[in-house]
Amino acid sequence: MNASVTAQPAATPAPTDFLAPVFAQYPLDIVSGEGPWLKTRDGRRILDLYGGHAVAALGYGHPAYTRALSEQAQALNFQSNAVPLDVRTRAAQRLIRFSGLDFNSVFFVNSGAEANENALKMAFNVNPGRTEVVALEHSFHGRTAAAATITWGAAGKWYSLPRTPFDVKFIPRRDLAALAQITDKTAAVVVEPVQGVGGAFDLGAEYLAAVRRRCNETGAVLIFDEVQCGMGRTGEAFSAKLYGVQPDMITTAKALGNGFPCSALLMTPRIAKAVKLDAMGTTFGGGPMACAVIEAVIDAIEKEDLLARVRRVGEYIRQQCMVGPVKGYQGAGFLAGLIMKRPAKEIHKALLERNILTGTSGDPAVIRLLPPFILEESHVDLLRAALLDIGG
Ligand code: PLP
């Protein structure tokens, strides 16, 4: 044993010690949160318009959510999918009913990428012999092998694995002519109806309907990745509903658990029919605590009429925030992209100096707002004042 090592006094670790250094860090030391507010160790109050990458849909310390989580932890913290549980069945039924779409089966997993991974597997199951997937430029679908294959820019940047599991074609966004690249070789088309990382970029009803038609013509399965834009963020339960287009599968996560890790794959009867015993699997997915919080999130959205609030306050953002450095708007509801006259990074920093946390995106001109659904007009007024203060 090396005595000089063991004799060292224990130093207080720096915030990033012992952690893989893969995330750039905001200059924030957060100790607690309440509603849409974060509190720092030195007593600053920060208005959170980013929600931890679109996760904190109910904000911080929501009483019913916190109660549901602690009551389920006391009653039964875990049993696997080999054991039927009422709370799991209720969460699946509740999610399908909440969607208002033609789904009849849910597979619960743990993260957005994992939901996408399983959706892609199911697409290849229902389309055996097909070899490729069509995805959109500027898309983000996650960092696991299949999800990263369909993520724009992952190859050459961080994909890292020696090969991809299938072929992928990236087509330009909102380009109707490019839909001809979807063919009878295409197993699946994967689309975020409002792209998140791509800059809160809304694809619109006309384009999405055309994608649906082309999938029908070619037999390709249509997957909507609503990991970021789903669960009420656009002011409807799912963006599929907002744009009036029924996909074959929806993947969702983030707001679904309000911070408890969970995700879901929703399937239409056609896809559900193809699911065989052992076709998919998970240890943690569909655990009772995840299912209890999914129920609590849907319950809060419905009881507090939060979809109407997202629509109303989302529109208020669009009306009030075209000031100072902002020159345009894109997105929908609480997945809002403010297009800046100057680099978004500069504005992000200037807003944080004024105690407002926002997000950047893959588009260097776009500030992304992903606030909790409990946001009020008075909070938007603070953002407007800060933008005016920063100036054009
Ligand atoms: N899909 C979309 C649209 C996302 O925005 C993300 C994450 O940002 C993912 C998938 C991946 O989700 P996760 O990080 O939970 O794997």
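This is a predicted model: local features need pLDDT of at least 70, side-chain atom pairs count only at pLDDT 80 or more; totals for chains, interfaces and linings use all residues.
**Notebook: contacts, cores and overall size**

I started with contacts (heavy atoms within 4.5 Å): among those in the protein chain between residues at least 6 apart in sequence, 71% join residues at least 24 apart. Numbering runs from 1 along each chain as its sequence is written, and side-chain values use heavy atoms, with hydrogens and water left out.

Next, burial. I get 53% of the 392 residues of the protein chain as buried, meaning under 20% relative accessible area with a 1.4 Å probe, protein chains only.

Then I looked at the nonpolar cores (buried Ala, Val, Leu, Ile, Met, Phe, Trp, Tyr and Cys residues joined through side-chain atoms within 4.5 Å). The largest has 96 residues, and Leu95 and Leu338 have the most contacts inside it. Helix α10 (residues 288-303) gives this core its largest share, 9 residues; helices here are DSSP runs of H or I, at least four residues, numbered from the N terminus. Domain 1 (30-62 + 305-390) and domain 2 (64-303) each supply at least three residues to the core, with bounds from an automatic or database domain assignment.

I clicked on Leu95 too: leaving out residues up to four places away in sequence, Leu95 touches Val106, Phe108, Met231, Phe238, Leu256, Ala264, Leu266 and Ile298. A second, separate core has 23 residues, including Ala115 and Met280.

Last, I checked the box: the C-alpha atoms of the protein chain fill roughly 60 × 60 × 50 Å along the principal axes.

Terms used: Buried means under 20% relative accessible area, exposed over 50%, partly exposed in between (1.4 Å probe, protein chains only). Helices (H or I, at least four residues) and strands (E, at least two) are DSSP runs, numbered from the N terminus.
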